[in-house]
Every structure is written in structure tokens, then in C-alpha cells.
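Biologist: Please show me the structure. I want to know what lies behind each label you use.

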Amino acid sequence: MNAATINRWFGRGWLGAGFVFLYLPIVALVLYSFNDSPIPNAWRGFTLKWYTALASDNEMLAGLWLSLKIAFLTACGSVVLGTLAAFTLVKYKRFAGRTLFSGMVNAPLVMPEVVVGLSLLLMLVSVQRAIGFPERGQMTIWIGHMLLGMAYATVVIQARLQDLNPQLEEAAMDLGARPHQVFYLVTLPMITQSMLSAWLLTFTLSLDDVVLSAFLSGPGATTMPLVIFSRARLGLNPSVNAVATIIVVIVAIGVLMASYLIARAERQRTLEMAAANRA
Amino acid sequence: MLQRLRSLATGRTAVIGVPYLWLLVFFLLPFLIVARISVSEMENVAFKDLVSFKDGLLQLSLKFSGYQFIAEDSLYFDTYLRSVQYAAATTLLCLGIGYPFAYFMARAKLTAQPALLMLVMLPFWTSFLLRVYAWKGLLSEGGWVADVIVGLGLDQLLFATGLIEAPGRLMNTPFSLVLGMTYTYLPFMILPLYANLAKMDLRLLEAASDLGATAWVAFWKITVPLSKAGIIAGSMLVFIPCVGEFVIPELLGGPRTLMIGRVMWDEFFSNNDWPMASSVAVVMVLLIIVPLAIFNKYQAEAQEARR
């Protein structure tokens, strides 16, 4: 065996081991959700009882419903704010306080969540004391999630906006389109795909968040991750495995569908480009 | 024409203004409030005004007892130090595993790379909380990973280095904590490194080999220095959130692995001591402000380079 072959197999081995490391926990979660044993880690045969138990688990179901509502609102709000912020960063090179703005946009990405959660909570409490609003609950969690979601949405949409050919927008302007027409007719269709990925990303982020929700939730507003977290803290719990499996299945379907749609759009575009070139 | 200019100007103001205002109100203002509360005296549930004007005397009262307490009480100092140590260990492990991983990914067949990239990102989409929870099962007695480690006798090694308290008991130790953090943050190391390594000009390596460098020398003298920006970005993306991590130590850590996020949490939720919790938060921000500045600098440079 020569050095190049050894090298190639070493590379493959490293990648393989890395993927085992990344996926092992997910495989274990799914498998043990079918374990017919109250003692975790001891395999006693196949069962679906944890899933049927889930159907009457009111705490978990209420948490899931609340989480889905908040995640939907978060994703929509984050994409709107993220698009505006990305547009600002890419198109407007000079305005008062640009450095502060770009610093603030990126900061929530790396700031420890406990710090963001604490500071937001202390502010909301101060406001509530002053004007009696807002009550802690769904809305305050939504604000917190949107703060984080906006940062992620901005990164995703900004990357796409930077790659756009500015001549397309200039051409539309030369042809007499007004700025808002340029945006809706030229820019928006070109960044739709990145807005969609930003929507999905912020939706999953919100659906998964523990720390911000813990700080910002009030009585009666317990999201699904908070339910899972409080159970997982106490020890291993098969109901958590069942929830995990359902999430994994939904994600797998979603990703497969998204990649199919993207591949189809790509093919469509290649065909259209070829047709345009022939003409 | 004039009207058009005006509409352009107002549109521009709205586009900049809305996200700007949002960040000022919900990001910057809360930090200022935390800074203020960290030096405030608490009376029942209200805070005393920092500046008061009484009997013709203007008084500025700042209470630094929280900071003084942090500086004097070894609990806080030790916890900060421990948090930084665990974060640093996690960063090094992620770099050690992630660099070769990103390197082999970037040198894989071009047709295979999108699929590999997707496989790295896919776990992102399934709940982070649930994946951390899964390690609880894998590492506790009878779990798959625990069986392998004990079967190979590696637990003796971990015990000898003080990473676990007793042979065969892997959970709730520094070992399980750092493993969980490495697992969670590994993709954050791989992705910037891959983005960097994938666009490297391979002709440089050919030139090095023509000039007589071995592959090993070329790797250390060319590939690694050229990927410096990726290494720094990845390391900061791992290190900074790890310092303040809360969920992973709660699920995988133990009594010996108290981290600063938990201390702040307890000051706030258990002791109801808002000024103290705020002081801990301010010190935490000061701790990460240097890595944060480095990260922002490289991020800005990378964005300039894209154009």
C-alpha cells in the first residue's frame, strides 16, 4: 500500500468516526424509545407504550402547543427583522452608528444565553413595574426568542444578499422601477430561498430553547423544552425518548422534502438558463 | 424627482430604523439596566435611585458590594476559573477532532461535499436539548458508550487523571461534561474551518511539493497558517458560549463541575439577589469581551473578503 492510499483511508476513517460520534446519540434516543422496560439502558423487547402514554400526557401536549405557537411567531418576526437588518448591512454603507449596529446584530449569536435572558427579564420587569405591562408569559418568551432568531436570520439572509449581482437592481432602476418595486419585483424573489431557510432555522431554534424560556416564562406558560428539561434533570425518562423520536422523524421528512424542492428548483433554473442561451 | 428622492429617504430610514430600534430596546437597554442594578441597593422589591438630590446635596450612591464579594469570595473566583478551563478544554478537543474532519471534508470528492456538509448540519435541526439528554443514557451504567469505555479499561485512565471520581462511574463528572460540550459544539468548529479550507488554492501545495517539501511539512507551513481565520472563528464560536453554558452542566455535570451560569441562575432564582446576579453577569461579559472582540474583527474581515 502506498502513502496516498493510506492517507485516503485514514481520511475516510476519521470522517466515519466523526459521523458516528455525531449520530450515535440520535440513534440511541430513537432505539430506546421502543424499549419495554421502566429501567433505562436495559433492553427488554419492543413496545409502543411510551407513545400511547404521550397521547394522554397533558403537561407535554400543552407545552408542545405553546412551543409551536411561539416558534411560528418567532420565525415570522425574525425573518422580517432579519431581512431588514441584512438589507441595512449590505446596502447602506454609511449611516450614523453603523459600527454599533453591526456589533449588536452579531452579539446575540455568541453571548451566553443566561446573560441575555437575565438582562431581558430585568428590563421587562422594570417596564412592567412602571406601566403594568407586559405580563410574563407567551409574549415575553416570544420577544426573547426573536432577539436570538433575528441574529441567525440576519446571517443567513445577509450571505445571500451579498452574492447577488447589483447590476440587476441597477437595471431595474434604470428602467424606471421605484425602490419598493425594485425590492418586491427583483430583490425579494432572489432571496426567497434564504428567507425560507432562515424561517425554518429560527423555528427550530425557538422550539428548542430552554434558557431564554426559563427566564422569560410566567405562571402557566411552560414550553415543551422546559417540560423535557425538568424531567431530564431528574434522570432518564422514556417519555422524553418518545418525544425525541417524533421530532427526529419530522425533521428527517422536512429535510428530505426541502432538499427535493431545492434540487427541483435548481434543475428548473438550469433548464431555463439553457433555453435563454439558445434563444 | 424630488418626491422620489424623498420616498427613497423615508424608505431607507424605516429599513434601518426598525431593526436598529429593536436592538437598542431589547439588546442594549437591558444590558445597561443590568449594569445599573449591579451597583444598586435593593430595598424590598424596589431599587434606590443612583442619583438623589436631597437638602441641596446631590448624591451619587453606587454599591459595589457585589463586585467586592466576587473578588473576595473564592467560590466565585474558582467557579469563573473552572468555567474558563472547561471551555478551553472543550475548544481544544473540538479543534483536535474538528480540524482533521474539516480538512478531509474539504479534500473529499467535489460531488460528495454537499452531502457531507448536510450530514454535519443535520443534527443542528434536531433538538440540542434531546441530544444532550441522550448522552445521559449513553454514559450511565449499561449505556453503549459506558460499556465500550469500561470494556477497554479506559475508565482506569480517566480515573488516574482525575476526570472521573471512581472507575466505572462516568456520569456527572468533568469527563461527561466536557464530552457533552465537545459533542454539542463540534459542528460550530467544523463549519467555519470547512468554509475556509474548501476555498484554499491547492496549487500552493503543488508548488511546495515541487520545491521539495514533504506533504507533512507543506501541511504545517501552508495549510495551517492559511486557515488561521477559520481556526480563530471556530474557536471563538466554541469557547464563548461554553463559558456561560447552563443546560449541559445541569444535565451531564455533577457537584464538582459547578459553572458560572449556574451560580448566576441560583443568585437570581434561589437567592432572589438581583444585584448579585447582575454583578456575576457583568463580570461574565467582561470575561468574554476580549474573545468577542477578536471574533467580531475576524468576522468583519471575512465579510470584506467575500466581496
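Modeller: This is a predicted model. Let us start with its largest nonpolar core, which has 146 residues. Those with the most contacts inside this core are A:Leu118, B:Ala102, B:Ile190, B:Met264, B:Val280 and B:Ala281.

Biologist: Which helix gives the largest share of this core?

Modeller: Helix α8 (residues 174-198) of chain B gives the largest share, with 14 residues.

Biologist: Why is this core said to lie between domain 1 and domain 2 of chain B?

Modeller: Domain 1 (2-60) and domain 2 (73-306) of chain B both give residues to this core, so the core lies between them.

Biologist: What does B:Ala102 touch?

Modeller: B:Ala102 touches B:Ile190, B:Leu193, B:Tyr194 and B:Leu197. That leaves out residues up to four places away in sequence. The cut-off for a contact is C-beta atoms within 7 Å.

Biologist: Now the two chains. How many residues of chain A are in contact with chain B?

Modeller: 63 residues of chain A are in contact with 74 residues of chain B. On the chain A side, α1(A) gives the most, with 13 residues. By class, the chain A side has 48 nonpolar, eleven polar and four charged residues.

Biologist: Which residues meet where α1(A) packs on α5(B)?

Modeller: From α1(A) come A:Leu24, A:Pro25, A:Ile26, A:Ala28, A:Leu29 and A:Tyr32. From α5(B) come B:Leu130, B:Arg131, B:Ala134, B:Trp135, B:Gly137 and B:Leu138. By class, this contact has ten nonpolar, one polar and one charged residues.

Biologist: Is A:Val115 buried or exposed, and how do you know?

Modeller: Count the neighbours. A:Val115 has 23 other C-beta atoms within 10 Å. A residue needs 20 or more to be buried. So A:Val115 is buried. A:Val115 is found in helix α5 of chain A.

Biologist: What is A:Val115 in contact with?

Modeller: Leaving aside its neighbours within four places in sequence, A:Val115 is in contact with B:Gly244, B:Ala281, B:Met284 and B:Val285. A:Val115 and A:Leu212 are 97 residues apart in sequence and 9.3 Å apart in space, C-alpha to C-alpha.

Biologist: What makes B:Val290 count as exposed?

Modeller: B:Val290 has 9 C-beta neighbours inside 10 Å. The limit for exposed is 12 or fewer. B:Val290 therefore counts as exposed. B:Val290 lies in helix α14 (residues 274-306) of chain B. The C-alpha atoms of B:Val290 and B:Ile240 are separated by 10.0 Å, and the two are 50 residues apart along the chain.

Biologist: Why is B:Lys221 called partly exposed?

Modeller: B:Lys221 has 13 C-beta neighbours inside 10 Å. B:Lys221 is found in helix α10 (residues 215-226) of chain B.

Biologist: What is the phi of B:Asn172, and what is the phi of B:Asn272?

Modeller: Phi of B:Asn172 is near 55°, a positive value in a residue other than glycine. Phi of B:Asn272 is near 55° too, also positive. Most residues other than glycine have a negative phi.

Biologist: Where do these residues lie?

Modeller: B:Asn172 lies in the loop between α7 (154-160) and α8 of chain B. B:Asn272 lies in the loop between α13 (260-269) and α14 of chain B.

Biologist: How do you know whether B:Asn172 and B:Asn272 are buried or exposed?

Modeller: Count again. B:Asn172 has 21 other C-beta atoms within 10 Å, so B:Asn172 is buried. B:Asn272 has 11 C-beta neighbours inside 10 Å, so B:Asn272 counts as exposed.

Conventions
Residues are numbered from 1 along each chain as its sequence is written. Chains are lettered from A and ligands numbered from 1 in the order in which they are written. This is a predicted model: local features need pLDDT of at least 70, side-chain atom pairs count only at pLDDT 80 or more; totals for chains, interfaces and linings use all residues. Two residues are in contact if their C-beta atoms, placed from the backbone, lie within 7 Å. Helices (H or I, at least four residues) and strands (E, at least two) are DSSP runs, numbered from the N terminus. Ala, Val, Leu, Ile, Met, Phe, Trp, Tyr, Cys and Pro count as nonpolar, Asp, Glu, Lys and Arg as charged, and the others, Gly among them, as polar. A nonpolar core is a set of buried Ala, Val, Leu, Ile, Met, Phe, Trp, Tyr and Cys residues joined through C-beta atoms within 7 Å. Domain bounds come from an automatic or database domain assignment.
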